[in-house]
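Work through the exercises below with the structure open. Each task is followed by a solution in steps.

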Amino acid sequence: MNQINPKKLLNSKWTATEPRNKEKHFIVTEVEFDEQLNVVRCVVEAVMSKRETVVDWRRFKDASIWKLGWV
């Protein structure tokens with residue numbers, strides 16, 4: 001399990017364990033918080049294609065899906 005601090009998500013780098021559309025490396029480009037400082041929106045951008053996708057930030061905790069950094 002990856003340890004994640006929601007306040008440090010912005011600009012963090014991630015590697016997908018099962019790439020789709022030849023996209024493997026991602027960077028978090030946008031994080032939105034509500035009034036209680038809970039993450040309500042997290043956007044990742046594929047490094048190669050620059051395509052942006054909204055993801056559930058809690059899925060980053062699952063090491064079988066995401067690896068911290070660019071591996």
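An open sheet of 5 strands has the order E4-E3-E2-E1-E5, with antiparallel pairing. At its edges lie E4 and strand E5 (66-68), each of which pairs on one side only. Averaged over this sheet and with direction ignored, neighbouring strands are turned by 35 degrees against each other. The model is a predicted one.

**Exercise 1. Chain overview**

Task: State the secondary structure content of the protein chain, and decide whether its radius of gyration agrees or disagrees with that of a compact globule.

Solution. 

Step 1. The protein chain has 0 helices and 5 strands. Read from the N terminus, its elements follow the pattern β-β-β-β-β.

Step 2. For 71 residues, a compact globule would have a radius of gyration near 11 Å. The protein chain has 12 Å, so the two agree.

Step 3. Along the principal axes, the C-alpha atoms fill a box of roughly 35 × 25 × 15 Å.

Step 4. Of the 71 residues, 30% count as buried. Among contacts with a separation of 6 or more, 41% are between residues 24 or more positions apart.

**Exercise 2. Pairing through the sheet**

Task: How many bridges join E1 to E2, E2 to E3, E3 to E4, and E1 to E5?

Solution. 

Step 1. Strands of a sheet pair through backbone hydrogen bonds, either parallel or antiparallel.

Step 2. E1 and E2 run antiparallel and are joined by 4 bridges. Lys13 has Ile27 in E2 as its bridge partner. The hairpin of E1 and E2 has 2 residues between the strands, and Asn21 in the turn has a positive phi of about 55 degrees.

Step 3. E2 and E3 are paired in the antiparallel sense over 7 bridges. Phe33 stands opposite Val39 in E3. Between the strands of this hairpin there are 5 residues, and Leu37 takes a positive phi near 65 degrees.

Step 4. Strand E3 (residues 39-46) is antiparallel to strand E4 (residues 52-55), with 4 bridges between them. Opposite Glu45 stands Glu52 in E4. The hairpin of E3 and E4 has 5 residues between the strands, with Lys50 at a positive phi near 65 degrees.

Step 5. E1 and E5 share 3 bridges in the antiparallel sense. Here Thr15 has Lys67 in E5 as its bridge partner.

**Exercise 3. The nonpolar core**

Task: Which residues have the most contacts inside the largest nonpolar core, and which strand gives the most to this core?

Solution. 

Step 1. In soluble globular proteins, nonpolar side chains tend to be buried together.

Step 2. The largest nonpolar core holds 14 residues, and Leu9, Val28, Cys42, Trp57 and Phe60 have the most contacts inside it.

Step 3. At least two residues of this core come from each of E1, strand E2 (23-33) and E3. E3 gives the most, with 4 residues.

Step 4. Beyond four places in sequence, Phe60 touches Asn2, Ile4, Leu9, Trp14, Val28, Cys42, Val44, Val55 and Trp66.

Key:
Residues are numbered from 1 along each chain as its sequence is written. This is a predicted model: local features need pLDDT of at least 70, side-chain atom pairs count only at pLDDT 80 or more; totals for chains, interfaces and linings use all residues. Side-chain values use heavy atoms; hydrogens and water are left out. Two strands pair if DSSP finds at least two bridges between them. Axes are lines fitted to C-alpha atoms, for helices over the stretch in contact, and angles run from 0 to 180 degrees between N-to-C directions. A nonpolar core is a set of buried Ala, Val, Leu, Ile, Met, Phe, Trp, Tyr and Cys residues joined through side-chain atoms within 4.5 Å. Buried means under 20% relative accessible area, exposed over 50%, partly exposed in between (1.4 Å probe, protein chains only). Contact means heavy atoms within 4.5 Å. The radius of gyration is taken over C-alpha atoms; the globule rule is 2.2 Å times the number of residues to the power 0.38.
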